[in-house]
Amino acid sequence: MWFLFALASSVFAALTSILVKIGIEGVNSNLATAIRTFVVLLMSWGMVFLTRAQGGIVEISRRSWLFLILSGLATGASWLCYYKALQIGEASKVVPIDKLSVVITLVLAAALLHERFTPKSIFGCVLIGAGTLLMVL
């Protein structure tokens, strides 16, 4: 089931890039990010209440709060940079560079979470890096 959700995520992420590239024309990139964030906020809390998950807030540990907040800050910084890049650059070049996050995530997962690199994952990282270079040069 995780694969279907991951695949759906990639489709929605692709749609996000194209829709924002069209919608951001003539709009300040920070304002556009705030509008998108507001919509995401409404959707997220809507799902929380729809699934009756709001009671779980009191059970969240301090450590989880800290890392969820840090993740939110990283997401905000990523979105602000992404929107500005899309506003001034071509989507066909911005998006592949953004997807280098896959390679960076694998490196961070190994360094911080002690996940192991496999020959397959190393080869995949090299291919993603090379593919990104080919697409943006």
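Helix H3 covers residues 62–88, and its 27 residues should span 39 Å at 1.5 Å a residue. The end C-alpha atoms of H3 are 39 Å apart, which agrees with that expectation. This is a predicted model. The protein chain has 6 helices and 0 strands. Buried residues make up 14% of its 137 residues.

**Overall layout**

- From the N terminus on, the elements of the protein chain run α-α-α-α-α-α.
- The C-alpha atoms of the chain fill a box of roughly 50 × 45 × 25 Å along the principal axes.
- Take the contacts in the protein chain with a separation of 6 or more: 68% of them join residues 24 or more positions apart.

**Helix H3 and its cover**

- Which residues of H3 are buried? They are Trp-79, Tyr-82, Tyr-83 and Leu-86.
- The cover over these buried residues includes helix H1 (2–23), helix H2 (29–50) and helix H4 (91–98).
- An α-helix has 3.6 residues a turn, so residues three or four places apart point the same way.
- Ser-64 also sits in helix H3.
- Ser-64 and Val-95 are 31 residues apart along the chain, and their C-alpha atoms are separated by 30 Å.

**The nonpolar core**

- The largest nonpolar core has 9 residues.
- Its members are Val-20, Ile-24, Ala-32, Tyr-82, Tyr-83, Leu-86, Ala-91, Val-94 and Val-95.
- H3 and H4 each supply at least two residues of this core.
- In soluble globular proteins, nonpolar side chains tend to be buried together.
- Leaving aside residues up to four places away in sequence, Ala-91 touches Lys-21, Leu-86 and Pro-96.

**Ser-17, a buried serine**

- Ser-17 is placed in helix H1.
- Is Ser-17 buried or exposed? Ser-17 is buried, because its relative accessible area is 3%, and buried means under 20%.
- Residues up to four places away in sequence aside, Ser-17 touches Tyr-82, Leu-86 and Val-95.
- Tyr-82, Leu-86 and Val-95 are among the members of the largest nonpolar core.

**The largest pocket**

- Rolling a probe the size of a water molecule over the atoms shows where empty space is left.
- How much space lies in the largest pocket? The volume is about 1200 Å³.
- The largest pocket is lined by 29 residues, and the closest to its centre are Ala-13, Thr-16, Arg-36, Val-40 and Trp-79.
- H1, H2, H3 and H4 are the elements that give two or more residues to this lining.
- H1 gives the most to the lining of the largest pocket, with 9 residues.
- By class, the lining of the largest pocket has 17 nonpolar, 9 polar and 3 charged residues.
- Trp-79, one of the residues closest to the centre of the largest pocket, is also one of the buried residues of H3.

**The second largest pocket**

- The second largest pocket has a volume of about 430 Å³.
- Its lining has 13 residues, and those nearest its centre are Leu-41, Ser-44, Leu-68, Ile-69 and Gly-72.
- H2 and H3 each supply at least two residues of the lining of the second largest pocket.
- Which element gives the most to this lining? H3 does, with 7 residues.
- By class, the lining of the second largest pocket has 9 nonpolar, 4 polar and no charged residues.

**Positive phi in two loops**

- Arg-52 has a positive phi of about 55 degrees, although it is not a glycine.
- Arg-52 lies in the loop between H2 and H3.
- Arg-52 counts as exposed because its relative accessibility is 71%, and exposed means over 50%.
- His-114 is likewise a residue other than glycine with a positive phi, near 60 degrees.
- Where does His-114 lie? His-114 is in the loop between helix H5 (101–113) and helix H6 (119–136).
- His-114 is exposed, with a relative accessible area of 65%.

Notes: Residues are numbered from 1 along each chain as its sequence is written. This is a predicted model: local features need pLDDT of at least 70, side-chain atom pairs count only at pLDDT 80 or more; totals for chains, interfaces and linings use all residues. Side-chain values use heavy atoms; hydrogens and water are left out. Helices (H or I, at least four residues) and strands (E, at least two) are DSSP runs, numbered from the N terminus. The expected span of a helix is 1.5 Å times one less than its number of residues. Buried means under 20% relative accessible area, exposed over 50%, partly exposed in between (1.4 Å probe, protein chains only). Contact means heavy atoms within 4.5 Å. A nonpolar core is a set of buried Ala, Val, Leu, Ile, Met, Phe, Trp, Tyr and Cys residues joined through side-chain atoms within 4.5 Å. On a 1 Å grid over the protein atoms alone, a cavity is a set of points where a 1.4 Å probe fits but cannot get out, and a pocket is an open set with protein on both sides within 12 Å along at least five of seven lines; lining residues have an atom within 4 Å of a point. Grid points are joined across faces, edges and corners, and a volume is the space filled by probe spheres set on the points. Ala, Val, Leu, Ile, Met, Phe, Trp, Tyr, Cys and Pro count as nonpolar, Asp, Glu, Lys and Arg as charged, and the others, Gly among them, as polar.
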